[in-house]
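Student: I would like to learn how to read the features of a model such as this one. Please take me through them in turn.

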Amino acid sequence: MSEELAGNKSKFIRVWKQIDGEEIKKQLLYIDDLYGTCGNCKKLGLNYIKDKKCPECGTHFKYLATKITNPAEVGKILARIQKENLDLTLIEREDYERANARDAVKDLFKS
Ligand SMILES: [Zn+2]
């Protein structure tokens, strides 16, 4: 069924999107594979399929950040999100961290 859903027409394409950094920060789960770390309290071993929120601090996850760049591996995560019908957006951890670093530099020059 899920195979059919994914179909041949469905492709994974990287999209640039402007998102509120603070919003991400409050709803972020870092993942390397199936397991991840809460972006808020750093609790380890969270499963993005099962843990819709952090059992430790109650953060409701809406974003997944990953360092995985291999398209096949990323595709697997996206397929899983689709199959389980999860309300999660996958972002590149590097993009996110780079954006944050840029903010930090900006703050530095503010004063
Ligand atoms: Zn947490």
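Tutor: Let us begin with a loop residue: Lys-42 lies in the loop between strand 2 and strand 3 (46-47). Helices (H or I, at least four residues) and strands (E, at least two) are DSSP runs, numbered from the N terminus. Residues are numbered from 1 along each chain as its sequence is written. The model is predicted, and local features need pLDDT of at least 70, side-chain atom pairs count only at pLDDT 80 or more, while totals for chains, interfaces and linings use all residues.

Student: What is the phi of Lys-42 near?

Tutor: Phi of Lys-42 is near 65°, a positive value in a residue other than glycine. Asn-85 also has a positive phi, near 55°, and sits in the loop between helix 3 (71-83) and strand 5 (89-92).

Student: Is Lys-42 buried or exposed?

Tutor: A residue is buried if 20 or more other C-beta atoms, placed from the backbone, lie within 10 Å of its own, exposed if 12 or fewer, and partly exposed in between. Lys-42 counts as exposed because it has 11 C-beta neighbours inside 10 Å. Asn-85 has 8 other C-beta atoms within 10 Å and is therefore exposed. Of the 111 residues of the protein chain, 14% count as buried.

Student: In what order do the elements run along the protein chain?

Tutor: From the N terminus on, the order is α-α-β-β-β-β-α-β-α, with four helices and five strands.

Student: How are the strands arranged in the sheet?

Tutor: Strands of a sheet pair through backbone hydrogen bonds, either parallel or antiparallel. Two strands count as paired if DSSP finds at least two bridges between them. Here the five strands form an open sheet in the order 3-2-1-4-5, with mixed pairing. Strand 3 and strand 5 stand at the edges with a single partner strand each, so one side of each has no neighbour in the sheet.

Student: How does strand 1 pair with strand 4 and with strand 2?

Tutor: Strand 1 and strand 4 are parallel, over four bridges; Tyr-30 has Ala-65 in strand 4 as its bridge partner. Strand 1 and strand 2 (residues 35-38) run antiparallel and are joined by three bridges, with a hairpin of three residues connecting them. Leu-29 stands opposite Cys-38 in strand 2, and Ile-31 has Gly-36 as its bridge partner there.

Student: Which residues make up the largest nonpolar core?

Tutor: In soluble globular proteins, nonpolar side chains tend to be buried together. A nonpolar core is a set of buried Ala, Val, Leu, Ile, Met, Phe, Trp, Tyr and Cys residues joined through C-beta atoms within 7 Å. The largest one here has twelve residues, including Leu-46, Phe-61, Leu-64, Leu-88 and Tyr-96. Strand 1 (28-31) and strand 4 (63-66) each supply at least two residues of this core, and strand 1 gives the most, with four.

Student: Which residues does Tyr-96 touch?

Tutor: Two residues are in contact if their C-beta atoms, placed from the backbone, lie within 7 Å. Leaving aside residues up to four places away in sequence, Tyr-96 touches Ile-24, Ala-65 and Ile-91.

Student: How many residues of helix 4 are buried?

Tutor: Of the 18 residues of helix 4, one is buried, so this helix lies largely in the open.
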